[in-house]
Amino acid sequence: MSDSKYKFETEAVRTQSERTQFSEHSTPLYVTSSFVFDDAEDMRASFAEEKPKNLYSRFSNPNTTEFVEKICKMEGAEAGYAFATGMAAVYNTLAALLESGDHIVSASSVFGSTHSLFKKYLPKWNIETTYFKIDEPESIEGCIQPNTKIIYAETPTNPAVDIIDLDLLGEIAKKHNLLLVIDNCFATPYIQNPIKHGADIVVHSATKLIDGQGRVLGGVAVGRADLIREIYLFARNTGPAMSPFNAWVLSKSLETLSVRVEKHCENALKVAQFLEAHPNVASVKYPFLPSHPQYNIAKKQMRLGGNIVAFEIKGGIDAGRNFLNKIQMCSLSANLGDTRTIVTHPASTTHSKLSVEERLAVSITDGLVRTSIGLEHVDDIISDLNQALS
Ligand SMILES: *Cc1c(COP(=O)(O)O)cnc(C)c1O
């Protein structure tokens, strides 16, 4: 699947399911739960997987297949499977590839529900996770145990936009014969391709920049064909499949991924530069600002800086809350990667249940504001942020 005839943008537009007898130009929506067979032999051979036929939409559907094929080409992956949500992609990947008694080594700054999976649910099946700090990669090898099977990380991280060196993770995974699983949600396949750095599986929440318009949920796991086969078999029996409608929407979204992400990143860099010069802002974290602690790694592995800008407002929790209250145009919302700029204050919202120490362990300070920069005119975004900061 990963053999690309064309460049990224062209594959995004031109990868399409086969035309039907109606000669449609744009891929139709295949709203069907099952598929029919010509006769007993056709049905036998299809179920025996002797021919690549759709059987039932929990297994595959032309719309999900088209979506997965595009992501495979974009990520340089051999195979993939599409899920109803990003979390379904993360959970099914781990559940399919791990046995009871296995161990995970992960960066501590991971998406909130992934953290719950590691610390609350996987231990039910005797799978434990050891965390390393994302800015202390030299500590990773010390976390590896004889039963370690997977190294897991996100880069850039949510919400603090930290970066980890993918080449380094790839080398460590190879040296210790471990699987490397990377959540590439914040970067998108346009900005960064973890498989080129040694990742075995890449997962995405397609809900974010892949949809890019805040409409549907979706997830996908792509990578080595033998591992995807295990994930597929687990998923086809447990039922987290992406709906054909969401796959249809998301495949259309991929057609414009490159132009959207270019503009998101152009706007985000300008916002980051504006914030860095603002007197009420203590510090700004954006991968393509030279002040970012991992700027050199970001420049090495990312094509652009992404659309998430994190900054530290002067005055702590109260200043963060006041800032949100003063916002006029931007949205206060839990999503990210939307056309609409979104601002959140993790310490008083998503991470308010954690203690100050727990928050600091994942780089969430009291004054941290996370912005997901959208596609409005950058002058309007900056002017809203500016009036709310004053
Ligand atoms: C949103 C997100 C997820 C979960 O995706 P859903 O589609 O909401 O289930 C996983 N990882 C990261 C980095 C995310 O931002």
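## Ligand site

An oxygen atom of the ligand sits 2.9 Å from a polar backbone atom of M87, a polar contact (a pair of N or O atoms within 3.5 Å). G86 has a backbone N or O atom 2.9 Å from an oxygen atom of the ligand. D183 uses its side chain: one of its N or O atoms is 2.6 Å from a nitrogen atom of the ligand. The residues around the ligand also include T85, F111, E154 and K208; each has a heavy atom within 4 Å of it.

## About the model

This is a predicted model, where local features need pLDDT of at least 70, side-chain atom pairs count only at pLDDT 80 or more, and totals for chains, interfaces and linings use all residues. Residues are numbered from 1 along each chain as its sequence is written, and side-chain values use heavy atoms, leaving out hydrogens and water.

## The seven-stranded sheet

Seven strands make an open sheet with mixed pairing. Their order is β1-β7-β6-β5-β4-β2-β3. Strands are DSSP runs of E with at least two residues, and helices are runs of H or I with at least four, numbered from the N terminus. Two strands pair if DSSP finds at least two bridges between them. β1 (79–83) and β3 (128–132) stand at the edges with a single partner strand each, so one side of each has no neighbour in the sheet. On average, neighbouring strands are turned by 20 degrees against each other, direction ignored.

β2 (103–107) and β4 (148–154) pair in the parallel sense over four bridges. Here I104 stands opposite I150 in β4.

## Helix α13

Which residues of α13 (316–326) are buried? They are G316, A319, G320, F323 and L324. Buried means under 20% relative accessible area, and exposed means over 50% (1.4 Å probe, protein chains only). Seen down the axis of α13, the buried residues fall within an arc of 140 degrees, so they line one face. That arc is taken from the directions from the helix axis to the C-beta atoms. The face turned away from the buried side carries exposed D318 and N325.

The buried residues of α13 pack against β9 (308–313), β10 (331–332), β11 (342–344), β12 (368–372) and α15 (378–389). Contact means heavy atoms within 4.5 Å.

## V343 in β11

V343 lies in strand β11. Is V343 buried or exposed? V343 is buried, with a relative accessible area of 1%.

Key: Axes fitted to C-alpha atoms, helices over the stretch in contact; angles between N-to-C directions. Polar contact = N/O pair within 3.5 Å; in protein donor to acceptor, adjacent residues only side chain to side chain.
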